[in-house]
Amino acid sequence: MNTVWIIAAVLLTAAAAITMFRLLAGPGTLDRLVALDTFVAVTMCAIGTWAAYSLDTTVTYSLTALALISFVGSVSVARFRVRDNDSSRVRDTNHDDGTPQ
């Protein structure tokens, strides 16, 4: 059974490392936001795996806290984020009244 725990720990560590790379190298704000959400999900999986391994249910309260904080943070960033400067976007050529230039 220890082999299962070792494999789970290695896979969770690999997932966290890959996600951390995307978090640091992401070209845009939303890429980093998705990577941060994924990192929190991997952390929650690691806490759940630790709770199953150690048979300690007191750490499961942190799962609820992480889920709530992650959700509120993601919604806040998605709602109030600053647009990325991307030169490939097409500019809107319409005036406020709807007539083209």
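1. Thr19 lies in helix α1, which spans residues 2-25. The model is a predicted one, and in it Thr19 counts as buried because its relative accessible area is 10%, where the cut-off for buried is under 20%. Beyond the neighbours within four places in sequence, Thr19 has contacts with Ala35, Thr38 and Phe39.

2. On the overall fold: the chain contains three helices and zero strands. From one end of the sequence to the other, the order is α-α-α.

3. Helix α2 covers residues 29-54 and helix α3 covers residues 60-80; their axes come within 10 Å of each other and cross at roughly 175°. The two helices are therefore roughly antiparallel, since an angle over 145 degrees is counted that way.

4. The residues that join α2 to α3 can be listed. From α2 they are Leu33, Asp37, Val40, Thr43, Met44, Ile47, Gly48 and Ala51. From α3 they are Thr60, Ser62, Leu63, Leu66, Ala67, Ser70, Ser74, Val77 and Ala78. Sorted by class, this contact of α2 with α3 is made up of ten nonpolar, six polar and one charged residues.

5. For the chain as a whole, 15% of the 101 residues count as buried. The accessible surface is about 7900 Å², and carbon and sulfur atoms hold 66% of that area.

6. A last point concerns contacts along the sequence. Taking the contacts in the chain with a separation of 6 or more, 44% are between residues 24 or more positions apart.

Methods
Residues are numbered from 1 along each chain as its sequence is written. This is a predicted model: local features need pLDDT of at least 70, side-chain atom pairs count only at pLDDT 80 or more; totals for chains, interfaces and linings use all residues. Side-chain values use heavy atoms; hydrogens and water are left out. Helices (H or I, at least four residues) and strands (E, at least two) are DSSP runs, numbered from the N terminus. Buried means under 20% relative accessible area, exposed over 50%, partly exposed in between (1.4 Å probe, protein chains only). Contact means heavy atoms within 4.5 Å. Accessible areas come from the Shrake-Rupley method with a 1.4 Å probe; for residues, only the protein chains shown count as cover. Axes are lines fitted to C-alpha atoms, for helices over the stretch in contact, and angles run from 0 to 180 degrees between N-to-C directions. Angles under 35 degrees count as roughly parallel, over 145 as roughly antiparallel, 65 to 115 as roughly perpendicular and the rest as oblique. Ala, Val, Leu, Ile, Met, Phe, Trp, Tyr, Cys and Pro count as nonpolar, Asp, Glu, Lys and Arg as charged, and the others, Gly among them, as polar.
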